[in-house]
Amino acid sequence: DETELILNSFGIAEPTGGKMIGANEIDLVLVPLLAFNHKGFRVGYGKGHYDKFLAECNNEAITVGISFFDAVDDSIDDINQFDIPLKYCVTPYRVYEFD
């Protein structure tokens, strides 16, 4: 209740006065998404921002997608060399683990 928040350039409330850390220092990343496939690739409205961020994280970071729906077949069409798959995805029905 005492944390002061300000709106960033995307209109998202962020806390002020916190300590900045590098992406390579983060151990766990929760990733919202619209859809994902059985290989851990996802579709969302992030415009590549999550992939850019995940590329800066250390290889040991645990990446967990959060979805309301189960995995779709592997027909997500727009996968490219910059897409980084998740390690896990949690849905209301199960937890997926990817290679």
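Student: In what order do the four strands of the open sheet stand?

Tutor: This is a predicted model, where local features need pLDDT of at least 70 and side-chain atom pairs count only at pLDDT 80 or more, while totals for chains, interfaces and linings use all residues. Residues are numbered from 1 along each chain as its sequence is written, and side-chain values use heavy atoms, with hydrogens and water left out. Strands here are DSSP runs of E with at least two residues, numbered from the N terminus, and two of them pair if DSSP finds at least two bridges between them. The pairing in this open sheet is mixed, and the order is β3-β6-β7-β8.

Student: Which are the edge strands?

Tutor: An edge strand of this sheet pairs on one side only.

Student: Which residue in β8 stands opposite tyrosine 88?

Tutor: Strand β7 (residues 88-90) and β8 run antiparallel, joined by three bridges. Opposite tyrosine 88 stands glutamate 97.

Student: Nice! How many aromatic pairs does the count come to?

Tutor: Rings of Phe, Tyr and Trp (its six-membered ring) pair if their centres lie within 6.5 Å; planes under 30 degrees apart are stacked, over 60 edge-to-face, and the rest tilted. By this rule the count is three.

Student: Why is the pair of phenylalanine 36 and tyrosine 96 classed as it is?

Tutor: The pair ties together parts 60 residues apart in sequence, because phenylalanine 36 lies in strand β4 (residues 35-36) and tyrosine 96 in strand β8 (residues 95-97). Their ring centres are 5.0 Å apart and their planes meet at 80°, so the class is edge-to-face.

Student: Is phenylalanine 36 buried or exposed?

Tutor: Buried means under 20% relative accessible area, exposed over 50%, and partly exposed in between (1.4 Å probe, protein chains only). Phenylalanine 36 has a relative accessible area of 0%, so this residue is buried.

Student: Which residue lies over the face of tyrosine 96?

Tutor: A charge sits over a ring if NZ of Lys or CZ of Arg is within 6 Å of the ring centre and within 35 degrees of the ring normal. Here, at 3.9 Å from the ring centre, we find arginine 94.

Student: And how many disulfides does the count come to?

Tutor: A disulfide is a pair of cysteine sulfur atoms within 2.5 Å. The sulfur of cysteine 89 is 17 Å from the closest cysteine sulfur, in cysteine 57, and therefore too far for a bond. The count comes to zero.
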